[in-house]
Amino acid sequence: MVKTCAALVALALMSGAALAGDPADSKAVRAEDGKSYDKDDVPTYNIQADGTVDWFTYSGFRLYHSECHVCHGPEGLGSSYAPALKDSLKTMDYSQFMDVIINGKQEVNTATQKVMPAFGLNKVVACHIDDLYVYLRARADDVLPRGRPPKKEAKTDAARASEEACMGG
């Protein structure tokens with residue numbers, strides 16, 4: 001798992017500096033095995049005109065609400081305890097997001113007390129980190145409303161195989 005996390009960080013650091021907040025920058029220009037990527041080859045969402053979300057955005061919704069919402073509030077809106085990730089992705093690029101999720105973050109001084117635990121060894125998070133990113137990116141771009149997406153694409157065989165390999169199953 002440590003190798004997987006190191007590979008994820010290395011991949012993130014080599015990726016473009018895509019920021020959320022502008023749906024035009026998040027536009028999918030290619031897809032591979034059902035997963036969409038923007039012009040900088042950064043994972044992105046694909047939401048159809050009828051509201052159907054791609055599997056990875058839906059998976060990110062599920063992951064966020066099982067692992068993140070307790071601190072960061074529902075739908076990435078923040079809480080009195082932790083910041084709104086919906087807003088954080090407007091100033092945080094993909095590599096910064098990966099670094100914080102995998103390694104955590106600590107900023108403690110007399111004026112601030114921010115502590116984000118590292119999730120790099122949590123297989124559920126590490127194996128689906130791109131899903132979490134695309135869900136929050138869609139929320140930051142205001143193209144995905146609050147609540148469970150009403151329609152989703154089916155999970156692809158490639159997604160199933162990748163998850164099984166990553167989770168060690």
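Q: Why does C127 count as buried?
A: C127 has a relative accessibility of 17%. Buried means under 20%. The value falls under the cut-off, so C127 counts as buried. Keep in mind that this is a predicted model.

Q: What makes C127 and C166 a disulfide?
A: Their sulfur atoms are 2.0 Å apart. The cut-off is within 2.5 Å. The pair meets the cut-off, so C127 and C166 are joined by a disulfide. In general, such a link is a covalent bond between the sulfur atoms of two cysteines.

Q: Which parts does the pair of C127 and C166 tie together?
A: C127 sits in the loop between α5 (123-126) and α6. C166 belongs to helix α7 (residues 157-167).

Q: What does the relative accessible area say about C68: buried or exposed?
A: C68 has 13%. The cut-off for buried is under 20%, so C68 is buried.

Q: What makes C71 partly exposed?
A: C71 has 31% relative accessibility.

Q: What makes α6 largely enclosed by the rest of the structure?
A: Count its buried residues. They number 12 of the 12, so α6 is largely enclosed. Among them are I129, D130, R137 and R139.

Q: What follows α6?
A: D142 does, and its phi is positive, near 60°. D141 also has its place in the loop between α6 and α7.

Q: Why does D141 count as buried?
A: D141 has 5% relative accessibility. The cut-off is under 20%, so D141 counts as buried. D141 and K86 are 55 residues apart in sequence, yet their C-alpha atoms are 8.3 Å apart in space.

Q: Which residues touch the most other members of the largest nonpolar core?
A: They are Y64, F97, I101, L132, Y133 and L136. This core has 32 residues. The helices α2 (55-72), α4 (94-103) and α6 each supply at least two of its residues. The largest share, eight residues, comes from α6.

Q: Which residues does L136 touch, leaving out those up to four places away in sequence?
A: L136 touches Y64, G76, L85, L89 and F97. A contact means heavy atoms within 4.5 Å.

Q: Why is T57 called buried?
A: T57 lies in helix α2. Its relative accessible area is 0%, under the 20% cut-off, so T57 is buried. Beyond four places in sequence, T57 touches Y45, N46, V134, Y135 and L144.

Q: What makes β1 and β3 edge strands?
A: Three strands form an open sheet in the order β1-β2-β3, with antiparallel pairing. β1 (30-32) and β3 (43-44) each pair on one side only.

Q: How do you know that β2 and β3 pair?
A: Pairing needs at least two bridges. Two bridges join β2 (residues 35-37) to β3. S36 stands opposite T44 in β3.

Q: How many helices and strands does the protein have?
A: The protein has seven helices and five strands. From the N terminus on, the order is α-β-β-β-α-α-α-β-β-α-α-α.

Q: What percentage of the residues of the protein count as buried?
A: Of the 169 residues, 44% count as buried. The protein exposes about 8900 Å², and carbon and sulfur atoms supply 53% of that area.

Technical notes. Residues are numbered from 1 along each chain as its sequence is written. This is a predicted model: local features need pLDDT of at least 70, side-chain atom pairs count only at pLDDT 80 or more; totals for chains, interfaces and linings use all residues. Side-chain values use heavy atoms; hydrogens and water are left out. Buried means under 20% relative accessible area, exposed over 50%, partly exposed in between (1.4 Å probe, protein chains only). Helices (H or I, at least four residues) and strands (E, at least two) are DSSP runs, numbered from the N terminus. A nonpolar core is a set of buried Ala, Val, Leu, Ile, Met, Phe, Trp, Tyr and Cys residues joined through side-chain atoms within 4.5 Å. Accessible areas come from the Shrake-Rupley method with a 1.4 Å probe; for residues, only the protein chains shown count as cover.
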